[in-house]
Every structure is written in structure tokens, then in C-alpha cells.
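Me: I would like to go through this model with you, a few details at a time. Could we begin once it is on the screen?

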Amino acid sequence: PLSKRWREDMFSGNKQRMAEASLRFTTGVGLASYFYNMALDDELTGSGAGLTRDQVKGLEDITGYETNAIVDEAGNYSKVSRLSPVTDLQTIMASIRDLNRYGMYDEADEIARGTVLVLTEYARDKSWLRGLDAPLQ
């Protein structure tokens with residue numbers, strides 16, 4: 001279920017295209033795994049998926065919880081959603097964690113499958129990853 005463009009690159013027979021496709025996927029999966037582990041360690045919050053609006057509001061009022069945020073060692077929340085699109089993968093992985101945490105496994109799986117499609121293109125044309133393919137040339 002990977003993107004058509006990625007499959008074409010990966011199986012093109014062209015070493016450059018194949019290496020770039022492999023690098024895109026590896027980079028995306030590595031970042032996704034890192035962000036998911038941050039969410040498991042409660043260092044990232046998602047969109048509050050799996051919670052009602054009232055439950056999210058209660059968490060905000062009681063604990064200072066913020067959606068789509070990085071949590072520092074002191075427990076302070078810093079919103080990352082305003083840094084989109086750079087932080088989109090962070091918030092998606094944290095939201096998948098939220099869904100799993102609250103027993104919404106089918107929804108989490110559906111988002112995870114969609115994320116795999118995105119990961120095959122994630123590192124393409126991203127200015128903050130520019131130069132990543134320099135070792136291939």
C-alpha cells in the first residue's frame with residue numbers, strides 16, 4: 001500500500017532513484033518511530049483523539065494539559081501546531097498514541113496506514129531535509 005511514486009522509484013532499476021526512495025522511507029519511519037516513542041513517554045501530546053471535547057477541556061483545566069504540544073522535563077507544554085507542516089508528523093504520531101491509549105485501535109490503525117503512504121513521500125522536497133541525499137551523489 002505504498003505510494004505509486006515511491007514504488008516506481010524503488011523498482012525503477014535506477015540506482016539513484018532507488019536509493020532516494022529507500023532513504024525517504026527510512027527517514028520517515030525513523031522520525032515516526034522517534035515521535036511515537038516520545039508520545040509513549042508523555043513528552044508529546046496529540047490532538048486528544050479518543051477523548052470528548054469536555055474531557056480535553058477538563059484535562060486542560062485540571063492539569064494544564066495542551067493538545068499538540070511538547071512537554072518538557074518540568075511538565076510545561078509548548079504548542080507545536082503553529083509550526084506546521086514541520087511538526088505534522090509529530091502530532092500525527094502522538095494522536096495515534098492517544099487513540100491506542102483510549103482503546104480506539106481501529107481508528108489508530110487506519111491513521112497509521114495512511115501515515116505509511118505519507119512517509120514514502122515525506123522527505124521529498126522538504127527544505128529542512130535538504131542535503132540529506134548528498135552522500136548518494
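**Helix ends, loops and burial**

Reply: Let us begin at the start of α2, where a side-chain oxygen of Asn-14 comes to within 2.9 Å of the backbone nitrogen of Gln-16. Please keep in mind that this is a predicted model.

Me: How many residues does α2 have, and how far does it reach from its first C-alpha to its last?

Reply: Helix α2 has 26 residues and reaches 37 Å between those two atoms, close to the 38 Å expected at 1.5 Å a residue.

Me: Which residues of α2 are buried?

Reply: The buried residues in α2 are Ala-21, Arg-24, Thr-27, Gly-28, Ala-32, Phe-35, Met-38 and Ala-39. As background, an α-helix has 3.6 residues a turn, so residues three or four places apart point the same way.

Me: What happens just after α2?

Reply: Asp-42 takes a positive phi of about 60° there, a positive value in a residue other than glycine. Asp-42 is found in the loop between α2 and α3.

Me: What is the relative accessible area of Asp-42?

Reply: The value for Asp-42 is 45%, so this residue counts as partly exposed.

Me: Then Thr-45: where is it placed?

Reply: Thr-45 is in the loop between α2 (15-40) and α3 (53-63).

Me: Is Thr-45 buried or exposed?

Reply: Thr-45 has a relative accessible area of 7% and is therefore buried, the cut-off being under 20%.

Me: Which residues is Thr-45 in contact with, leaving aside neighbours within four places in sequence?

Reply: Thr-45 is in contact with Tyr-65, Glu-66, Thr-67, Asn-68, Ala-69, Val-71, Tyr-77 and Ala-94. With Asn-68 there is also a polar pair: a polar atom of the Thr-45 side chain lies 3.2 Å from the backbone nitrogen of Asn-68.

Me: What about the phi of Asn-68?

Reply: Asn-68 has a positive phi of about 50°, although it is not a glycine. This residue sits in the loop between α3 and β1 (69-71), and Asn-68 counts as buried because its relative accessibility is 16%.

Me: Changing topic, how many residues of α4 are buried?

Reply: Helix α4 is mostly covered, with 10 of its 14 residues buried. Among them is Ala-94, one of the residues in contact with Thr-45.

Me: What span should α4 have?

Reply: At 1.5 Å a residue, the 14 residues of α4 (residues 88-101) should span 20 Å, and the end C-alpha atoms are 20 Å apart, which agrees.

Me: Which residue takes a positive phi just after α4?

Reply: That is Gly-103, with a positive phi of about 75°.

How values were computed: Residues are numbered from 1 along each chain as its sequence is written. This is a predicted model: local features need pLDDT of at least 70, side-chain atom pairs count only at pLDDT 80 or more; totals for chains, interfaces and linings use all residues. Side-chain values use heavy atoms; hydrogens and water are left out. Helices (H or I, at least four residues) and strands (E, at least two) are DSSP runs, numbered from the N terminus. Buried means under 20% relative accessible area, exposed over 50%, partly exposed in between (1.4 Å probe, protein chains only). A polar contact is a pair of N or O atoms within 3.5 Å; within protein, one must be able to donate a hydrogen and the other to accept it, and residues adjacent in sequence count only if both atoms are side-chain atoms. Contact means heavy atoms within 4.5 Å. The expected span of a helix is 1.5 Å times one less than its number of residues.
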